[in-house]
Amino acid sequence: ANCLPDTECLQSIQSTGVFEKLLGFIGESSDPVVQSHAASVIAAAAKLEENRGIFHEQDTEATLIALLSSDNSATCISSAKALATLAENLSSRDVIGKSDGIPPLISMLKQDGSGSTKDNPMAREMASLALANLTTSNKNNGQIVIDKNAADLLIKLLQDPVSTTQRNAAVSLANLGSNESWRTDLLEPKHGLIKGLVFALS
């Protein structure tokens with residue numbers, strides 16, 4: 001895992017076929033510590049554009065999406081963060097949307113008071129960041145967010161106590177607002193968008 005942030009090392013692992021085995025191990029591991037750490041390392045390594053391309057070529061998105069279903073909050077949060085970083089790559093953005101990666105991220109936005117491992121401030125922050133990146137210049141992903149009725153969840157997050165979560169939600173909503181029909185609907189008083197924006201700006 002310590003080799004992943006290094007692009008040369010990453011390329012070497014990719015060329016030898018070890019990368020595929022590594023992703024398989026991460027996905028099949030029953031140890032949430034291993035999974036969480038691996039996702040965190042991927043998130044750190046993916047900050048480099050060249051590394052994001054390599055991760056995409058190895059279908060890393062699929063492994064991370066699978067980890068979003070974990071019962072361990074740290075694993076879900078680390079995976080959402082990694083997906084958010086990979087989503088800066090246009091191809092990864094498409095793949096995540098087409099691979100059903102958006103619905104589990106939406107579920108992490110919910111504040112239901114159930115005590116769920118995914119119902120916590122960090123989960124909302126990372127999931128909202130991922131959605132902000134996934135909906136940037138991507139109408140298909142925006143359509144998924146609209147179809148899953150996630151816009152109201154994002155509007156609610158404009159009043160989240162964590163300012164970065166507010167910002168992520170605002171970016172997501174701005175991305176959705178680039179579509180005229182969605183914007184018209186979101187501005188309906190029933191959604192409370194204006195009230196949310198006033199709160200976030202206050």
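Q: Which residues of α5 are buried?
A: In this predicted model, Thr60, Glu61, Thr63, Leu64, Ile65 and Leu67 of α5 are buried.

Q: What makes α5 largely enclosed by the rest of the structure?
A: Of the 8 residues of α5, 6 are buried, so the helix is largely enclosed by the rest of the structure.

Q: Why is serine 78 called buried?
A: The term requires a relative accessible area under 20%. Serine 78 has a relative accessibility of 10%, and therefore counts as buried. This residue is found in helix α6.

Q: What makes the pairing of serine 78 with serine 40 a polar contact?
A: A polar contact needs N or O atoms within 3.5 Å. The side chains of serine 78 and serine 40 make such a contact at 3.1 Å.

Q: Why is the pair of arginine 52 and glutamate 88 called a salt bridge?
A: The rule asks for a side-chain nitrogen of Lys or Arg within 4 Å of a carboxyl oxygen of Asp or Glu. The closest N and O atoms of arginine 52 and glutamate 88 are 3.7 Å apart, and the pair meets the rule. Arginine 52 belongs to helix α4 and glutamate 88 to the loop between α6 and α7, 36 residues apart.

Q: Are arginine 52 and glutamate 88 buried or partly exposed, and how do you know that?
A: Arginine 52, at 8% relative accessibility, counts as buried. Glutamate 88, at 44%, counts as partly exposed, since that class lies between 20% and 50%.

Q: What makes aspartate 160 and arginine 124 a salt bridge?
A: Their side chains meet at 3.1 Å, N to O, and the cut-off is 4 Å. Aspartate 160 lies in the loop between α11 and α12 and arginine 124 in helix α9, so the pair ties together parts that are 36 residues apart in sequence. Both residues are buried: aspartate 160 has a relative accessible area of 2%, and arginine 124 one of 6%.

Q: Which residues of helix α7 are buried, and how do you know that they line one face?
A: The buried residues of α7 are Ser92, Arg93, Ile96 and Gly97. Seen down the helix axis, these buried residues fall within an arc of 135°, so they line one face of α7. The face turned away from the buried side carries the exposed residues Leu90 and Lys98.

Notes. Residues are numbered from 1 along each chain as its sequence is written. This is a predicted model: local features need pLDDT of at least 70, side-chain atom pairs count only at pLDDT 80 or more; totals for chains, interfaces and linings use all residues. Side-chain values use heavy atoms; hydrogens and water are left out. Buried means under 20% relative accessible area, exposed over 50%, partly exposed in between (1.4 Å probe, protein chains only). Helices (H or I, at least four residues) and strands (E, at least two) are DSSP runs, numbered from the N terminus. The arc is that of the directions from the helix axis to the C-beta atoms. A polar contact is a pair of N or O atoms within 3.5 Å; within protein, one must be able to donate a hydrogen and the other to accept it, and residues adjacent in sequence count only if both atoms are side-chain atoms.
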